[in-house]
Amino acid sequence: MRNEKTTEEIARGIRARVFEHTIRNNGGYLSQACSAAEQLAFLYNEGLNLGPSTMPMVPPPFGGVPSADNPDYVTGAGYNGPFDAVHDRLFIAPAHYALVAYACLIEVGRMAPEGLGMFNRDGSSVEMIGAEHSPGMEVHNGTLGIGLSTAAGLAWGRKRMGHSGQVCVFMSDGEVQEGQTWEAVQAAAHHGIDNLWAIMDVNRQQCDGAMDEVMTVGDIATKFRDFGAVVAECDAHDLKAMRAARATPHPGRPLIVLAHSRPTQGMESLMSRFPRLHYVRFKSEEERARMNIEIAAELGVAPVALEAH
Amino acid sequence: MEMVNRPYAAAFEAYAVQHPEVLCLSADLTSSCEIDGFRDRHPDQFLSLGMAEQNMLSFAGGLGLAGFRPFLHSFGVFLYRRPYDQLMASVAYPRRKVRLMGFLPGVTTPGGMTHQAIEDISVMRTIPNMTVLEAGDATEVESIVAEADRVDGPVYCRILRGAVPRLFDTPIRIGQMRVLAEGEDVLVVTAGITTEEAIRARGALARAGVSVRHLHLNTLKPFDAAQIVDHAASVRHGVITLENHLVTGGIGSMVAEALAEAGLARRLIRLGLQDTYAHGGSRPYLMKHYGMDALSLVRAVERLTGQATGIDEDALGAVRIDAVHSIVKAEAL
Ligand SMILES: Cc1ncc(C[n+]2csc(CCOP(=O)(O)OP(=O)(O)O)c2C)c(N)n1
């Protein structure tokens with residue numbers, strides 16, 4: 001399903017929506033929108049073969065957890081289109097990127113803008129840490145490092161069943177600190193799982209700040225290659241380069257696209273907070289008001305109209 | 001009721017600087033676990049292990065072998081779910097003096113299933129050599145640091161963060177439950193955040209003429225079964241446990257085991273998560289949704305006594321909570 005908007009426009013829309021949400025709620029995963037907007041826009045708008053959403057535009061309320069007593073349970077996978085033999089599947093492995101992913105769903109016409117208003121509201125399925133039942137989420141991933149393994153298993157199964165649809169994982173670079181990530185690549189390479197690919201937001205940030213200060217991970221491209229993946233690298237904000245990276249042939253191996261990003265792309269004013277970017281909560285009303293004006297100007301949108309305090 | 005801001009941060013720093021063998025370990029949740037100030041002021045005593053919990057647990061076992069007493073900081077869930085095998089082999093079996101500081105227990109996090117430690121008590125208490133503590137107020141958070149470090153072996157603590165109410169004026173002592181009320185109709189057993197709920201319910205229940213005996217547990221292992229049985233024997237209608245956890249394997253189960261082993265027949269209602277995962281949402285919403293709040297406790301009391309109390313949400317909201325300064329049994333503090 002293709003959208004009328006260009007991928008660039010969708011990326012801009014993602015940043016604007018996450019910005020507005022963060023200003024309104026005085027907090028949000030804002031820098032993830034900066035680093036990942038193009039990646040998610042690319043995946044939904046051109047990188048993946050997704051069918052039309054099978055879910056309502058306005059997300060239904062939380063409908064309970066999986067249980068034998070809950071036969072009507074559904075995951076958020078339907079927002080990514082029907083699960084059939086020909087279409088791709090997408091896992092958002094770092095579930096705290098959910099806000100960015102929801103904004104993307106709105107931009108590509110898979111969720112109504114009201115959906116974002118339900119973010120982190122009690123009784124809503126639009127959860128802060130994307131849950132399996134949240135829009136666009138297909139499996140639970142809030143515990144980082146499990147996404148690629150699940151995707152490898154799904155991909156192996158789909159291959160066995162003769163599906164042409166592929167399995168894609170959106171990953172964060174913090175995940176390379178977890179041992180499981182490497183076990184996943186090892187298994188995918190060993191079993192020749194080449195209907196699996198990942199795009200990783202290499203923003204070099206984690207909760208505590210810059211990854212080099214928290215736990216050095218070294219040359220992850222070489223590490224991934226050594227574990228058996230085909231690796232392609234690109235500038236995460238250059239869509240032409242991203243397309244080329246995605247097109248890298250990877251017969252018999254998984255493909256890992258390392259998208260080198262900047263955690264303040266499009267919102268340079270956030271640099272004043274560096275390296276504390278993981279979750280942006282404004283320290284004062286003054287900072288909030290200033291960021292509202294400065295970032296809006298950078299994004300070319302109107303500042304968010306805030307209620308008087 | 002006094003609210004204390006970030007009680008763990010100050011208490012940990014004050015204690016750790018006095019004890020050079022204490023090390024502060026973090027798994028990329030340093031400010032979330034209130035140890036960012038400590039990291040900045042005492043970098044030599046701080047070890048950043050990154051988002052790699054399995055390694056952190058075995059690494060801590062090695063530090064223990066070297067004679068250090070590492071305090072591991074993360075969300076409770078990340079200290080045992082993924083690194084369970086490492087916890088068993090590297091920490092619990094060899095009885096390393098590793099202090100597991102588990103933040104955001106149960107439904108105190110909006111992060112949903114992957115972030116909510118709802119079976120940690122059940123898991124931890126079955127591990128041989130493990131001590132399990134839970135802080136219920138700011139005073140207990142402040143005093144749990146030194147108390148946990150007295151343990152000759154590994155210890156898991158459920159820690160409250162951010163703005164925490166002060167309910168008690170005496171420190172936590174391992175093995176000493178708090179007797180908060182000595183009523184004769186119903187025994188209520190709580191721990192952690194559910195104690196505040198029960199105090200709220202008690203205020204309204206007292207006005208409705210129900211006399212509640214209330215125990216606050218801060219030591220979940222070792223578990224003082226004998227005292228529980230004594231208290232259960234001294235009430236008319238039965239026992240209610242209210243926990244920020246699944247009712248299986250946690251406090252409800254412990255009390256059931258204690259009553260059964262003593263051969264004491266008492267009705268028991270276990271409040272908490274009933275064989276279900278929770279989901280993301282605010283703490284008050286989740287406590288209400290899953291029947292872990294003051295009103296749920298009141299309804300359970302009504303079921304036990306067979307008498308309606310007429311208490312509703314408004315009646316509970318009107319209850320003022322004062323610090324528990326003078327408790328009935330001083331020696332039980
Ligand atoms: C297994 C596990 N440990 C810890 C956490 C807590 N946590 C959430 S995000 C994060 C790290 C963030 O780094 P990264 O994944 O690179 O995301 P980014 O900084 O780009 O937002 C951590 C430690 C978690 N969700 N899962």
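Around the ligand in this predicted model there are 22 residues, and those that come nearest are A:Gln32, A:His96, A:Ser172, A:Asn203 and B:Glu53. Notice the chain letters as you look: residues from chains A and B surround the ligand, so the site is shared between chains. Sorted by class, the shell is made of six nonpolar, 11 polar and five charged residues.

Let us turn to individual atoms at this site. A:Ser172 places a polar side-chain atom 2.5 Å from an oxygen atom of the ligand. For A:His96, a polar side-chain atom is 2.7 Å from a ligand oxygen atom, and for A:Asp173 the corresponding distance to an oxygen atom of the ligand is 2.9 Å. How much of the ligand's 580 Å² does the protein bury? The ligand exposes that area when taken alone, and the protein buries 97% of it.

A pair of aromatic rings is described by the distance of the centres and the angle of the planes. Over all chains, the structure holds 11 aromatic pairs. Take B:Tyr80 and B:Tyr156: their ring centres are 6.4 Å apart and their planes meet at 80°, so this pair is edge-to-face. Elsewhere in chain B, ring pairs join B:Tyr8, B:Phe12, B:Phe38, B:Phe71 and B:Phe103 into a cluster.

In chain A, A:Arg246 lies over the face of A:Trp197, 4.0 Å from the ring centre. In chain B, the charged end of B:Arg178 sits over the ring of B:Phe168, at 4.1 Å from its centre.

Another arginine deserves a visit. B:Arg99 is in strand S5 (residues 99–103) of chain B. Is B:Arg99 buried or exposed? Its relative accessibility is 0%, and B:Arg99 therefore counts as buried, the cut-off being under 20%. What does its side chain contact? The side chain of B:Arg99 makes a polar contact of 2.8 Å with the side chain of B:Asp149, and it also reaches the backbone oxygen of B:Gly153 at 2.7 Å.

Finally, some backbone details are worth checking in your viewer. The peptide bond from A:Phe274 to A:Pro275 is cis, with omega near 0°, and A:Pro275 sits in the loop between strand S7 (255–260) and helix H10 (285–299) of chain A. Chain B has a cis peptide bond joining B:Lys221 and B:Pro222, where omega is about 5°; B:Pro222 is in the loop between strand S12 (219–221) and helix H8 (225–233) of chain B.

B:Leu104 has a phi of about 55° and is found in the loop between S5 and helix H5 (120–125) of chain B. With a relative accessible area of 7%, B:Leu104 is buried. B:Asp275 has a phi near 50° and lies in the loop between strand S14 (268–273) and helix H10 (283–289) of chain B. Here the relative accessible area is 71%, so B:Asp275 is exposed.

Methods. Residues numbered from 1 in each chain as written. Chains lettered and ligands numbered in written order. Predicted model: local features only at pLDDT ≥ 70, side-chain atom pairs only at ≥ 80, totals over all residues. Heavy atoms only, no water. Phe/Tyr/Trp six-rings, centres within 6.5 Å; stacked < 30°, edge-to-face > 60°. Lys NZ or Arg CZ within 6 Å of the ring centre and 35° of its normal. Near = heavy atom within 4 Å. Polar contact = N/O pair within 3.5 Å; in protein donor to acceptor, adjacent residues only side chain to side chain. Areas by Shrake-Rupley, 256 points an atom, 1.4 Å probe, with all protein chains shown as cover. Nonpolar A, V, L, I, M, F, W, Y, C, P; charged D, E, K, R; others polar. Helix = DSSP H or I, 4+ residues; strand = E, 2+ residues; numbered from the N terminus. Buried < 20%, exposed > 50% of the residue type's maximum accessible area, 1.4 Å probe, protein only.
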